[in-house]
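Trainee: Could you take me through a close look at the salt bridge count in this model, and then at what surrounds it? I'd like the cut-offs along the way.

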Amino acid sequence: MSTNVAYDLSNFDNRVRRERKEEAVKMLDTRQKKSGRMQAVKIIAAVLVFIAIFVVTVLTYINLTETSAEINKLEKRLGALENENKALNIQYESMVDLKAVEKTAIYEYGMSKVSPEQLSYVSLRGEDSVTISESGGGIGEIIPGAFRRLSAFFEYFN
């Protein structure tokens, strides 16, 4: 073969033409097969992405539904606790009510109000003054005096 195309007589030979045509068809077929494979890979990738998005969306809705159910449950519990708090506050306020304290003192402990005969008023004329008693043991008398006062205090409430 020469390097000049004008002198290449193989261009006019049918057998060589057929071989070149077959080679071109084979190359075209392999390109189409590769192109078809690439399209199939692209379609599979697109389907997988679609499935992934669908699964993520479904899982998100499931999580949202579970969270909403938990919120509803907690709101019901909050309402019940608020009602219990109101009831306990009412009960507490009734315990502090002075009339309730007075009824408890009268009916449970047998106490009664002071009558006018039991009251005595002391009127002092003159200035207030303090006298220090020299009789007594000084510091040694403090503890027994404190015990006497405490026993008088407890005797008052019994």
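Mentor: Happy to! A salt bridge here is a side-chain nitrogen of Lys or Arg within 4 Å of a carboxyl oxygen of Asp or Glu. By that rule the count comes to one salt bridge. The model is a predicted one, where local features need pLDDT of at least 70, side-chain atom pairs count only at pLDDT 80 or more, and totals for chains, interfaces and linings use all residues. Residues are numbered from 1 along each chain as its sequence is written, and side-chain values use heavy atoms, with hydrogens and water left out.

The partners are lysine 113 and glutamate 102, whose side chains meet at 3.3 Å, N to O. This pair links distant parts of the chain, 11 residues apart: glutamate 102 belongs to helix H2 (98-108), while lysine 113 sits in the loop between helix H2 and helix H3 (142-157). Helices are DSSP runs of H or I with at least four residues, strands are runs of E with at least two, and both are numbered from the N terminus. Lysine 113 counts as exposed because its relative accessibility is 63%, whereas glutamate 102, at 34%, is partly exposed. For these words, buried means under 20% relative accessible area, exposed over 50%, and partly exposed in between (1.4 Å probe, protein chains only).

Now for the wider chain. It has three helices and zero strands, in the order α-α-α from the N terminus on. Of its 158 residues, 3% count as buried. The chain exposes about 16,000 Å², with carbon and sulfur atoms supplying 62% of that area; accessible areas come from the Shrake-Rupley method with a 1.4 Å probe.

Two surface patches are worth a look too. Patches are made of residues with over 30% relative accessible area and no salt bridge, joining like charges within 9 Å and nonpolar side chains within 5 Å. Arg31, Lys33, Lys34 and Arg37 form a positive one; arginine 31 lies in helix H1 and is exposed at 57%. A nonpolar patch of about 1,100 Å² includes Phe50, Phe54 and Val55. Valine 55 is placed in helix H1 (residues 14-96) and is partly exposed, at 41%.

Finally, confidence: pLDDT is the predictor's confidence in each residue, from 0 to 100. The chain's mean is 81, and 84% of its residues reach 70 or more. Among the elements, H1 has the highest mean (88) and H3 the lowest (78).

Definitions and conventions: Lys, Arg positive; Asp, Glu negative; His and termini not counted. Charge placed at Lys NZ, Arg CZ, Asp CG, Glu CD.
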